[in-house]
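Here is a quick tour for anyone meeting this protein chain for the first time. Have a look at the picture, then read on.

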Amino acid sequence: MQRVWFNKTFSSVAAAIKLIREADRAGRYEIICSNTNAHAAAFLAAHAHAVEPSGLTGADYLDWCLGFCRERGVAIFWPGKEAGLIGANSARFEAQGTRVVSVASQEVLALMHDKARFCAGLDLPQAPPARFRAVTNIAEYDAAYAELRPLHARLCIKPSESVYGLGFAVLDEERNGAQLLLAGAAYHINALELRSGLARMETFKPLLLMEYLDGHEYSVDCVGDRGELICAVPRKKPRAGGQGQLIELREDVLAACRKLTRDYRLNAIFNIQFREGRDGLALLEINPRMSGGIGMACAAGPNLPHLALAGFDRGFAGLDIPPVRDGMRVGELAHAVELP
């Protein structure tokens with residue numbers, strides 16, 4: 001039995017560990033999960049868990065991880081926190097018997113986390129990103145707004161670096177902040193109030209002002225092998241809530257995923273998001289991690305976390321990959337648990 005360690009990462013790791021254990025009928029893997037939160041729900045899914053010291057980053061965290069792998073006899077390390085740094089130092093882990101799972105190189109990971117720089121250098125004719133301008137002060141914002149607003153019915157704004165859509169908002173030119181609040185219009189902001197707030201700051205962290213894409217969103221959970229797309233499960237998100245998500249094997253979406261996987265030599269599990277707009281399909285971003293909807297994707301056939309782990313461990317040749325159930329409607333059902 002090989003010991004596999006998931007360090008601090010997003011909450012989707014709980015579903016991933018559960019899926020691995022369900023598929024690991026031969027008992028090849030013992031899963032350790034760690035987090036700085038002593039009551040992390042993901043601990044319930046693992047064989048064993050550990051509490052990480054708080055406040056460690058960079059080289060200090062790297063040294064702690066090296067020590068943890070030595071002390072626990074970790075054979076495979078699948079990092080979340082400091083994934084780029086850990087991947088760049090994989091040789092140090094390998095020297096003591098631990099193999100590191102990396103989605104991409106440290107340089108590519110840094111690029112994907114900076115949406116402005118990533119989109120500016122993107123070559124994806126199948127799904128080019130929406131037209132945008134990166135702004136860091138009010139003069140740049142005004143110039144970008146003057147350029148983009150005549151071309152598009154609606155604009156939106158989001159931070160260049162963010163996760164889970166934090167900071168995203170559609171610019172509303174009719175309703176003020178109070179009206180938006182009372183209407184329950186989440187992810188909307190009054191355009192004049194936004195500009196007024198930005199004008200009061202000399203500079204701010206890079207924001208992307210861009211065309212708002214009003215079509216369907218596609219979230220694609222992928223498994224890659226050093227630039228080869230092994231499996232992809234696209235989930236189409238309906239505009240109305242309560243309807244679940246639809247598995248849709250749309251060829252242009254899959255073609256875009258294959259090209260991105262090849263161009264950036266993506267590996268293990270990652271998530272690619274698209275949205276339809278006036279000019280067709282557009283790329284939103286690549287998330288170099290498991291998505292929050294990984295469980296829904298796996299309900300459609302392939303067990304992606306186990307596939308990625310087994311492929312990394314033993315190679316993908318000969319692994320059984322079930323077909324994706326095109327047209328299946330999937331959803332999630334929450335249930336209560338007692339935390340550690």
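F168 is partly exposed, because its relative accessible area is 25% and that class runs between the 20% and 50% limits. Keep in mind that this is a predicted model. Y187 has a relative accessible area of 55%, so this residue counts as exposed. What about the rings of F168 and Y187: how far apart are their centres? The answer is 6.5 Å, and with the planes at 50° the pair is tilted. The two partners are 19 residues apart, and the pair links distant parts of the chain. F168 sits in the loop between strand 7 (155-159) and strand 8 (169-172), while Y187 belongs to the loop between helix 8 (177-183) and strand 9 (188-190).

That's one ring pair, but the count comes to 10 aromatic pairs. Take W64 and F68 as another: their ring centres are 5.2 Å apart and their planes meet at 35°, so this pair is tilted. Both residues lie in helix 2 (residues 58-72), 4 residues apart, which is about one turn of the helix. Is each of them buried or partly exposed? W64 counts as partly exposed, since its relative accessibility is 22%.

| Ring pair | Distance between centres | Angle between planes | Class |
|---|---|---|---|
| W64 and F68 | 5.2 Å | 35° | tilted |
| F168 and Y187 | 6.5 Å | 50° | tilted |

Now step back to the whole protein chain. It has 12 helices and 16 strands. Why call the overall size that of a compact globule? With 340 residues, such a globule would have a radius of gyration near 20 Å, and the 21 Å found for the protein chain agrees with that. Its C-alpha atoms fill a box of roughly 60 × 45 × 40 Å along the principal axes.

Buried residues make up 49% of the 340 in the protein chain. Take the contacts between residues at least 6 apart in sequence: 63% of them join residues at least 24 apart.

On the charge side, the protein chain carries 38 positive and 39 negative side chains. The centres of those two sets lie 2 Å apart.

Methods:
Residues are numbered from 1 along each chain as its sequence is written. This is a predicted model: local features need pLDDT of at least 70, side-chain atom pairs count only at pLDDT 80 or more; totals for chains, interfaces and linings use all residues. Side-chain values use heavy atoms; hydrogens and water are left out. Helices (H or I, at least four residues) and strands (E, at least two) are DSSP runs, numbered from the N terminus. The radius of gyration is taken over C-alpha atoms; the globule rule is 2.2 Å times the number of residues to the power 0.38. Buried means under 20% relative accessible area, exposed over 50%, partly exposed in between (1.4 Å probe, protein chains only). Contact means heavy atoms within 4.5 Å. Lys and Arg count as positive and Asp and Glu as negative; His and the chain ends are not counted. The place of a charge is taken as NZ of Lys, CZ of Arg, CG of Asp or CD of Glu. Rings of Phe, Tyr and Trp (its six-membered ring) pair if their centres lie within 6.5 Å; planes under 30 degrees apart count as stacked, over 60 as edge-to-face and the rest as tilted.
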